[in-house]
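Subject: The structure I promised you

Hi,

Here is the structure we talked about. Have a look at it first, then read my notes below.

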Amino acid sequence: MLWMIKHIEKFPRHHRYSLGMSVEKRLQKILELFLRAKFSKQKKQMLGDINIELEILRFQLRLAKDLRVLTVKSYGYGSKCLQEIGSQAGGWLKSRD
């Protein structure tokens, strides 16, 4: 989250207040879902919701790259981080089965 928020601050104004705010809200939603899943008995549903949010975030990062508000190198790093988070969520989901 911290890495992405620092990059959003550098977006041009019109992208910062549309795409940037949407990305930031989605990151907060993902964090919230992880914390709720940690203390919930219904982890499977929440982890499924996390996977959907991560997929949307992947597309938003791709859009940021295509709009050239995020460099290719930053996009690669962000995508790698999202992949790792998704793998961890998937591993947690499989361990619940």
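Predicted model: local features only at pLDDT ≥ 70, side-chain atom pairs only at ≥ 80, totals over all residues.

Asp66 and Arg62 sit four residues apart in helix H3, so about one helical turn separates them. Helices here are DSSP runs (H or I, at least four residues), strands are E runs of at least two, and both are numbered from the N terminus. The side chains of Asp66 and Arg62 meet in a salt bridge, 3.7 Å from N to O. By salt bridge I mean a side-chain nitrogen of Lys or Arg within 4 Å of a carboxyl oxygen of Asp or Glu. Asp66 is partly exposed, because its relative accessible area is 45%, and Arg62 is partly exposed too, at 43%. The cut-offs are under 20% relative accessible area for buried, over 50% for exposed, and partly exposed in between (1.4 Å probe, protein chains only).

Residues are numbered from 1 along each chain as its sequence is written, and side-chain values use heavy atoms, with hydrogens and water left out.

The overall picture

The chain has four helices and zero strands, so its pattern along the sequence reads α-α-α-α. Its C-alpha trace spans about 45 × 20 × 20 Å along the principal axes. Of its 97 residues, 35% count as buried. The accessible surface comes to about 6,700 Å², and 56% of that belongs to carbon and sulfur atoms. Those areas come from the Shrake-Rupley method with a 1.4 Å probe; for residues, only the protein chains shown count as cover.

How much of the contact count comes from residues 24 or more positions apart? They account for 64% of the contacts in the chain with a separation of 6 or more. A contact means heavy atoms within 4.5 Å.

More salt bridges

The structure holds five salt bridges. One of them links distant parts of the chain: Glu53 in helix H3 and Arg26 in helix H2 are 27 residues apart, yet their side chains meet at 2.5 Å, N to O. Are these two buried or exposed? Glu53 counts as buried because its relative accessibility is 15%, and Arg26 counts as buried at 17%.

Glu55 and Arg58 make another salt bridge, with their closest N and O atoms 3.0 Å apart. Both lie in helix H3, three residues apart, which is about one turn of the helix. Glu55 is partly exposed, with a relative accessible area of 38%, and Arg58 is partly exposed at 24%.

Now for a charged residue without a partner. Glu24, in helix H2, is buried but has no salt bridge. Arg16 is the nearest side chain of opposite charge, and it is 8.8 Å away. (For charge, Lys and Arg count as positive and Asp and Glu as negative; His and the chain ends are not counted.) Apart from neighbours within four places in sequence, Glu24 is in contact with Ile5 and Ile8.

The inside

The largest nonpolar core has 19 residues, and Met4, Phe11, Val23, Ile50, Leu57, Ala64 and Leu70 touch the most other members. Helix H1 (2–8), H2, helix H3 (43–66) and helix H4 (72–96) each supply at least two residues of this core, and H3 gives the largest share, six residues. A nonpolar core is a set of buried Ala, Val, Leu, Ile, Met, Phe, Trp, Tyr and Cys residues joined through side-chain atoms within 4.5 Å.

The outside

Met1, Leu31 and Leu35 make a nonpolar surface patch of about 260 Å². Patches are made of residues with over 30% relative accessible area and no salt bridge; like charges are joined within 9 Å, nonpolar side chains (Val, Leu, Ile, Met, Phe, Trp, Tyr) within 5 Å. Leu31 is in helix H2 (residues 13–39) and counts as partly exposed because its relative accessibility is 42%.

Gln45, in helix H3, counts as exposed because its relative accessibility is 51%.

Cheers
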